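Reader: I have a chain open on my screen and some questions about its fold. Can you walk me through it?

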Amino acid sequence: MRKYADDYEIVYEDDGKGGEKKVVRYIGDFFEVDIKGPELVKFRRNSLIVLAIVIMLHIVGGFIGNRSMYAFYIVLPYVFSFLPMYFLVDSILRIPKEKKSYRRDEAELSFERMKKASTFLLIFLSMTVVGEIIYIIFIANEWNSLEFLFLSLVSLAAVASYILIRLRNTINVHEIDVQK
């Protein structure tokens, strides 16, 4: 990615046969997390479990044949919430299994992306919940149990998303000073 191009330099080294070969060397900043290695694996596992619960609740809620899914202010945040879910899966799977000094691209594509994506997921799920409550109170003519089932599933997904944010806040990524 171009964003991380300045963190690398190309060095020419002798290949042992009288020629030269290009070698890429990292010259950027290094980052570390403030938890132990086994806790990092546990964090990764717990994050995947909570995210799987969010995805399951979200998809099951989408299969309910409720009338509110025809309202744009409910269906748009519902559909847009799949994008942060994708980025969350990608970022959680990129979290390394061992503790080490991480390059900038490793830290940003895993921990920082997880931070941003989980926040946006909670925002979209909350918008869906608020839209559903507005629909039930002001627009629905009759009390439909499917609307309350959808509301409960999306609300549980929002609560699980909040739990994911709380879990994410236990990790602190900071830059370390390395003398060059």
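**Strands, helices and overall shape**

Author: Keep in mind that this is a predicted model. A place to start is strand β3, which is joined to strand β5 (residues 173–176) by 4 bridges, the two running antiparallel.

Reader: Which residue in β5 is the bridge partner of Val33?

Author: Val33 pairs with Val173.

Reader: And how many bridges join β3 to β4?

Author: Strand β4 (residues 102–103) is joined to β3 by 2 bridges, again antiparallel. Phe30 stands opposite Arg103 there.

Reader: Which side chains of β3 are buried?

Author: Phe31 and Val33, which point to one face.

Reader: Switching to helices. At what angle do α4 and α5 pack?

Author: Helix α4 (residues 104–139) and helix α5 (residues 145–168) pack at about 155 degrees, with axes 9 Å apart. Angles over 145 degrees count as roughly antiparallel, so α4 and α5 are roughly antiparallel to each other. Their crossing is left-handed.

Reader: OK, zoom out. What pattern does the chain follow along the sequence?

Author: The order is β-β-β-α-α-α-β-α-α-β, with 5 helices and 5 strands. The radius of gyration is 22 Å, well over the 16 Å that the globule rule gives for 180 residues, so the chain is more spread out than a compact globule. Its C-alpha atoms fill a box of roughly 85 × 30 × 25 Å along the principal axes.

Reader: What share of the chain is buried?

Author: Buried residues make up 38% of the 180.

Notes:
Residues are numbered from 1 along each chain as its sequence is written. This is a predicted model: local features need pLDDT of at least 70, side-chain atom pairs count only at pLDDT 80 or more; totals for chains, interfaces and linings use all residues. Side-chain values use heavy atoms; hydrogens and water are left out. Buried means under 20% relative accessible area, exposed over 50%, partly exposed in between (1.4 Å probe, protein chains only). Two strands pair if DSSP finds at least two bridges between them. Axes are lines fitted to C-alpha atoms, for helices over the stretch in contact, and angles run from 0 to 180 degrees between N-to-C directions. Angles under 35 degrees count as roughly parallel, over 145 as roughly antiparallel, 65 to 115 as roughly perpendicular and the rest as oblique. A crossing is left-handed if the near helix is turned anticlockwise from the far one by less than a right angle, and right-handed if clockwise. The radius of gyration is taken over C-alpha atoms; the globule rule is 2.2 Å times the number of residues to the power 0.38.
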